[in-house]
Structures are given as structure tokens and as C-alpha cells.
Amino acid sequence: MSTLLKNTLNIGFELSQHKNNSRVQVLKLSKNTVEKFSKKIVDHNVQSIEYKPFLRFYLADCLNKLTDDTLGKFLLKTLKNRSTGAILLECELLNNSTLNGIEFIDFNVLLSTAISHLIGIPNLDSMSGKFYARFSVKNEDNSDSYLRQAHRRMELHNDGTYVEETTDWVIMQKILEVDVEGGDSLLLHVDDWKDLDKFYHHPLAKENLQWGSPSSKNITYKTSHPIFLEEMNDGKPIMSFIDQFVEPLNIEQGLYLYEMGDSLEKETNTSNVKLPEGSMLIINNYCWLHGRDKFIAKKNLHRELLRQRGVFAENTGDNDK
Ligand SMILES: [Fe+2]
């Protein structure tokens, strides 16, 4: 096989386009890749990767080598390509034969850690105090934001709006699902938002706005930035918006944001994406808005998500300032 041909092949995983949105690339790790990965990492556990940051890169390298280094290249190429920028990563099979005795949830934490360290480095999650956070959604909730509330739709937004760190990408992984109906992930690419031009060419589009967050987020400062950030290399707009944490200071800002939230929630180009247990969405945070559809009320509803947010390797310095 020529080197040129070999470089264009992906080893150990298969690709297709998502049926609800052709921008979303569905990546399925083969049973063989999962089995070999779990065998390689069987001596490590969640506590050890929390305590020793270098182990996270070791996991990433183990997984990448099993794909002949094609996985990391594909993930980065896809995330940085504005026209795609989103991956639904699934495993062909996760059971006792492929997990080599590793608990299902632990394996998923180790797998998403390998993935995050192939695309850069995760930011410290101030809600959990770790590089990742786990969230439960149950039938009842008393929290101070919409993150865990099951019976309402969580509106489309970007992550990292109220922190100073750059947030190039977000990983959302489903690690547990019991008695769940509804609750699909919602995705909208900035370029598919029909009202983009109207809001992007508005006088307030590039004006600094104030951003804050409720106490559960453990962020004590406020930040300031516009909704539309500096364009990417291609000169097209990227966004940093969330309705709950932007703090308008006058009627003009309030109405601009009100109309924007209304337009986004009415957008018919928004796609539903189901996340099966053991799968994860990896998205470019500035090209895609994400949200969550409401759940159907069920008494034993229990769903747990793992989240990581971070930067591409070349932007790690941005978050050390
Ligand atoms: Fe989010």
C-alpha cells in the first residue's frame, strides 16, 4: 500500500454522516479497537488519571496508536473544519468481552479523557474542581439553573460564555440512562441559523456585553465580550451566547438578546441528535450552538452526562494568563 493511500485511510473506526444533520460525522470505534484499548489501560483507573495529568496523555496515545495515529488527525481536522465541526463518537460494542473487567462508567470516563487529550487539553471545570464534570438529570430538581431540569427544553447556547478561558470545544458524553424518553441533544450550526445576518449586522453584534453566573458555577467574577467574536480565518462569524448568563444593562441590549433567544428557539434547522449510552458528542463550541430537548416525565428517569470543555493545543497558553 502506498504511503499516500495509507494516510487517507482511517484505521480502527468507521465514518458516516448523521441522518438528521449531514454536518455531524458519526464515528464508530470498532469492537477490536475498544477491546484492545481496554486491555492496554486495564491497570489504570479514574482516580489515577485524576491525580496524574500525564496519564491522560498516555491514554490518548494508547488509543491513537491503535488507529495508526489516524483518529487524532481525523478528530482535529473535523473539529477545525467549519463546515463540519461536530462528531458523534460511538463504540461498536461495550460489554464484558470488550471491557476486560473495567466498569462501564469508568471505561467511559477513561475513553472521553483519551479523546479530549487527542484534541487539546480540558479546562478546569469549576463546578466539579476537576478536568471533567458529571451531571445527573432526575425527575425532580432544585438547582439554580436549567442544566439539570428535565421537563423543559434547555435553550440553544455556547459553553464558556461566563468564564475567561477560551472554550474551543465541548465533549458531552452519555454515561448512564434509565427510563428515558426524549432529552435528545439539540444542535444548530451558526451558518444554518436563518436569522444570522439580521443579528450579525446589528449595531450591538460586536458590542461588549456583561456575563455572570449563579452560585453553583463557582465563578465569582463577571466577564465581558460580544456575542459575535472575531471571525475565523475564513472571515465568517463565530458566537458565544447563552440566554441565562448574559446580563443586559439597558433596554436596547435586553431587546436585542430577547429577539435573539426567540429566533434561536424558533429555528427549524435545529437538529435532534440521540446520544446512546457510551457515546459522546464532540463539537466546535464557537461554530455550533447546543441544547437539550425536554424529557417525557417518568418516575425513575435518571440520566448522567459527562462534560469536558477545553482548548486546542495551540491555544493552551491563552488559559494560563
Ligand atoms: Fe452547554
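**A helix residue and its surroundings**

Modeller: Let's start with Leu255, which sits in helix H9, residues 251-266 (helices are DSSP runs of H or I with at least four residues, strands are runs of E with at least two, and both are numbered from the N terminus). Keep in mind that this is a predicted model, where local features need pLDDT of at least 70 and side-chain atom pairs count only at pLDDT 80 or more, while totals for chains, interfaces and linings use all residues. Numbering runs from 1 along each chain as its sequence is written, and side-chain values use heavy atoms, leaving out hydrogens and water.

Leu255 has a relative accessible area of 46%, so it counts as partly exposed (buried is under 20%, exposed over 50%, partly exposed in between, with a 1.4 Å probe and protein chains only). Together with Ile251 and Tyr258, Leu255 makes a nonpolar patch on the surface, with about 370 Å² of accessible area between the three. Patch members have over 30% relative accessible area and no salt bridge; nonpolar side chains (Val, Leu, Ile, Met, Phe, Trp, Tyr) are joined within 5 Å, like charges within 9 Å. The areas are Shrake-Rupley values with a 1.4 Å probe, and for residues only the protein chains shown count as cover.

Now for a helix with a buried side. In H2, residues 31-40, you'll find Thr33, Val34, Phe37 and Ser38 buried. Viewed down the axis, the buried residues of H2 fall within an arc of 125°, so they line one face of the helix (the arc is taken from the directions from the helix axis to the C-beta atoms). They pack against strands E2 (21-29) and E3 (86-91), plus helices H4 (53-66), H6 (96-99) and H7 (104-119); contact here means heavy atoms within 4.5 Å.

Ser38 leads us to Ile102: leaving aside residues up to four places away in sequence, Ile102 touches Ser38, Ile41, Val42, Phe107 and Leu110. Ile102 is in the loop between H6 and H7, and at 12% relative accessible area it is buried.

On to the charges: the structure holds 15 salt bridges (a side-chain nitrogen of Lys or Arg within 4 Å of a carboxyl oxygen of Asp or Glu). One of them pairs Lys80 with Glu314, closest N and O atoms 2.7 Å apart. That pair ties together distant parts of the chain, 234 residues apart: Lys80 is in helix H5 (residues 70-80), Glu314 in the segment after strand E16 (302-311). Lys80 is partly exposed at 37%, whereas Glu314 is exposed at 52%.

Asp125 and Arg309 also form a salt bridge, with 4.0 Å between the closest N and O atoms. Asp125 lies in the loop between strand E4 (121-122) and E5 and Arg309 in strand E16, 184 residues apart, so distant parts of the chain are linked here too. Both Asp125 and Arg309 are buried.

Then there's Lys274 with Asp184, at 2.9 Å. Lys274 is in the loop between strands E13 (271-273) and E14 (280-284), and Asp184 is in the loop between strands E7 (169-178) and E8 (185-189). Lys274 is exposed at 55%, while Asp184 is buried at 13%. Elsewhere, shared partners join Asp125, Asp159, Arg307 and Arg309 into one salt-bridge network.
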